[in-house]
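Here is a short briefing on one protein. Look at the structure first, then read the points below.

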Amino acid sequence: MGATKDAPENWVWGPYPVHDSPCKDRLAHPDLQQLLDTDGYARTSIRLDLNDPHTEAVLEHWQKLMASPWMDRFAVRHWSDHLSGPEGLEAQTPWPDMDEVAHLAAGRLTCLGTRSRSREAQAGYDIAVHNAARGMRVTMFAPDLTPRNTLPNLTIYRDAKLTPELIRDRLETAAHRGKYTDLVVIDRLQVMTARDEDPRPLSHPEQVEEVSIALKHTAMDERLKQPPILLMARLERPRRDGHPLDIEDLGIAAELEYHADTLALLDRTHPSKVDVFISKDRSGPAPRHLTVAW
């Protein structure tokens, strides 16, 4: 997905990996939307099959092409690099029904619990890409994320020892250069440690509490312009047939409930629908169960 000018090969923004509708229909920075369908600018989509052996070759080709001096000079620029800052633009998910669940507003700490190896387990990366493509500056911390093609506006750190202090240091360093982060994505709680001098994995309630307090303080820091933080976590209790999702399914991560603004558990029970249990929501009623299209 992207935008072209005058000819299909003259990309001025993108290409970005996006989902089918409704994701691609809402993927537009306000400045970008105003230019589409005027003066030769047009929204352009190329559908690639993930299982097609040529797909990886196409992505590698675009990665090299976008970074080349020829493209920068004669044909393509990353439009998002030249858009005005998205002041007031709120982060969103690729799935409209999930926006009221995640509520990725300034100063908020949102935790989404998912099952390992599920489609929802990739939600953190999908949300990061979606908002970067909208012109927002996104910083993602994901030690286990497999290498991906670089994308403008999206910075991915894969530090093996991931602590709240390291996350804050990265954000402060960028802020000192004038590059404030609009959205922070952490994938996932279970790969974090509470402090640099404490190498133990998060296995005690007090460790999780320490992490959640530190992340909430970072999200509320006005010097960092209050970046919303999306924290992914894994459900530790197996699915129990006949039993709805429950906070205990999060295991030790349930300790996030006190300090997080939103704590939601996701479980797919239908090819196009996901069951959601909202255990905590400072902006709406909780606890509550609902089903969203996804």
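The model is predicted.

**The whole protein**
- The secondary structure consists of seven helices and 11 strands.
- The protein exposes about 14700 Å². Carbon and sulfur atoms supply 50% of that area.
- Take the contacts between residues at least 6 apart in sequence: 62% of them join residues at least 24 apart.

**Thr 218**
- Thr 218 sits in helix α7, which covers residues 205-220.
- Is Thr 218 buried or exposed? Thr 218 has a relative accessible area of 1%, and under 20% counts as buried, so Thr 218 is buried.
- Setting aside residues up to four places away in sequence, Thr 218 touches Arg 168, Leu 171, Leu 224, Pro 227 and Ile 229.
- Thr 218 and Arg 108 are 110 residues apart in sequence. In space, their C-alpha atoms are 9.6 Å apart.

**Asp 221**
- Asp 221 belongs to the loop between α7 and β8, and β8 spans 229-234.
- The relative accessible area of Asp 221 is 9%, so Asp 221 is buried by the under 20% cut-off.
- A polar atom of the Asp 221 side chain lies 2.8 Å from the backbone nitrogen of Arg 223.

**Shared partners**

Definitions and conventions: Residues are numbered from 1 along each chain as its sequence is written. This is a predicted model: local features need pLDDT of at least 70, side-chain atom pairs count only at pLDDT 80 or more; totals for chains, interfaces and linings use all residues. Side-chain values use heavy atoms; hydrogens and water are left out. Helices (H or I, at least four residues) and strands (E, at least two) are DSSP runs, numbered from the N terminus. Buried means under 20% relative accessible area, exposed over 50%, partly exposed in between (1.4 Å probe, protein chains only). Contact means heavy atoms within 4.5 Å. Accessible areas come from the Shrake-Rupley method with a 1.4 Å probe; for residues, only the protein chains shown count as cover. A polar contact is a pair of N or O atoms within 3.5 Å; within protein, one must be able to donate a hydrogen and the other to accept it, and residues adjacent in sequence count only if both atoms are side-chain atoms.
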